[in-house]
Amino acid sequence: MFGIDIAQRVKELPPYLFKEIDKQKQEAVKAGADVINLGVGDPDLPTPNYVIEALNKAAVEPANHRYPSYAGMEAFNKEAALWLKKRFNINIKLDEIITLIGSKEGIAHTPLAFINPGDIALIPDPAYPVYENAVRFAGGVPFYMPLKKENDFLPDLDAIPKDIAQKAKLIFLNYPNNPTSATAELSFFNQLVSYAKKYNIIVCHDAAYTEIYYNGKKPASFLEAEGAKEVGIEYHSLSKTYNMTGWRIGFAAGGSDIINALGKIKSNVDSGVFQAIQIAGIAALKSEETYINRINEIYEKRKKIILDALNSVGIKAYDPKTTFYIWFEVPKGYTSAQFVSLLLSKAHIVTIPGNGFGKAGEGYARIALTVSEERIKEAALRIENAKF
Ligand SMILES: *Cc1c(COP(=O)(O)O)cnc(C)c1O
């Protein structure tokens, strides 16, 4: 009889961590509850009109119907480099940049370019699960760096054992951070470059949230650090910045050898991004700063409403300086899973348990501010009335 034997790497994938909360959500909806989903971090705001118009125009052009270059259109890569120059004052040449089918794609393919079976990769905990799973797909072994409150949710590089650092091939990091909403200063990135040079570790920095910030203080890029390009790569995404999660476009910039190696993997896996989407991406990257400011004002209002509600019931939440997430401590006596469950049953609000992002996330939960102000106000009211 024919039998399907799934590969070990698939069998070993961690179980879908939101399975339990998803099930509870389905049950609540079935029972007629008006559930507010503050779980997934997928912006509710629309893509700007001028981006949609650019797509419409480019989509009818037959020249755009053919295979794109796997490295991206020169025009898109040039615009992305210009964006990096304007925003961070970083100089990036064309062989130091590559178009991605969303930053997730570039992140997931990077370990295949550098990891040999058994190689170690340093992974933050809690974190976006793609880093760890991509390392495992390449046969690598993750070593977890806990992100602790007492270190402002930055990894303590000195706490990584020397023999591990010597064996490590890659380090993944993400600032502004999902899920903790922590930011890294340029001084940390400088330290990171020295560390990477000392131990010969490639830095893979996920910069998906650099444009979501409050109080006008713009987060730094890893590539601003002296010598960053020699040791690393940074992934940028149009998804969160321009409300384009469904469009699948981003880019990576860094040392040409690193970009080239990632490109070799990509050229054997995908065939680039539909050119009409790249042309729309150019329109997005040309956005005025007033666009970013307007979006951030919307998130800031939402943030304040939820923070006030959490504070009023005695829940310790971190006021985010960046990202559209609120990371908070679950009240004493509850695990993350128990409290998230309670929020759903008492207030019909979906949040994500911190341990879904890794062991060190236990004791925390994450709220995403990606629903309308009206729904945010309703959620705040329910939190205030829930009496935990
Ligand atoms: C949303 C997100 C991404 C993925 O962005 P895409 O460009 O849409 O693939 C990457 N990293 C983190 C931490 C994210 O939250």
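Author: A polar contact is a pair of N or O atoms within 3.5 Å, where one must be able to donate a hydrogen and the other to accept it. Please note also that the model is a predicted one.

Reader: What makes the backbone nitrogen of Gly 272 and the side chain of Asp 270 a polar contact?

Author: The backbone nitrogen of Gly 272 lies 3.0 Å from a polar atom of the Asp 270 side chain. The limit is 3.5 Å, so the pair qualifies as a polar contact.

Reader: Why is Asp 270 called buried?

Author: Its relative accessibility is 11%, and buried means under 20%; Asp 270 therefore counts as buried. Asp 270 is placed in the loop between helix H10 (256-267) and helix H11 (275-285). Leaving aside residues up to four places away in sequence, Asp 270 touches Ile 101, Glu 105 and His 109.

Reader: What is noted about phi of Phe 153 and phi of Asn 215?

Author: Most residues other than glycine have a negative phi. Phi of Phe 153 is near 60°, a positive value, and phi of Asn 215 is likewise positive, near 60°.

Reader: Where are cis peptide bonds found?

Author: Most peptide bonds are trans. A cis bond joins Asp 125 and Pro 126, with omega about 5°; another joins Tyr 175 and Pro 176, with omega about -10°. Pro 126 is in the loop between strand E3 (120-125) and helix H6 (130-137), and Pro 176 in the loop between strand E5 (168-174) and helix H8 (186-199).

Reader: How do you know that the radius of gyration agrees with that of a compact globule?

Author: For 388 residues, a compact globule would have a radius of gyration near 21 Å, and the protein chain has 21 Å; the value therefore agrees. The chain has 14 helices and 12 strands, and buried residues make up 55% of its 388 residues.

Terms used
Residues numbered from 1 in each chain as written. Predicted model: local features only at pLDDT ≥ 70, side-chain atom pairs only at ≥ 80, totals over all residues. Heavy atoms only, no water. Helix = DSSP H or I, 4+ residues; strand = E, 2+ residues; numbered from the N terminus. Rg over C-alpha atoms; globule rule 2.2 N^0.38 Å. Buried < 20%, exposed > 50% of the residue type's maximum accessible area, 1.4 Å probe, protein only. Contact = heavy atoms within 4.5 Å.
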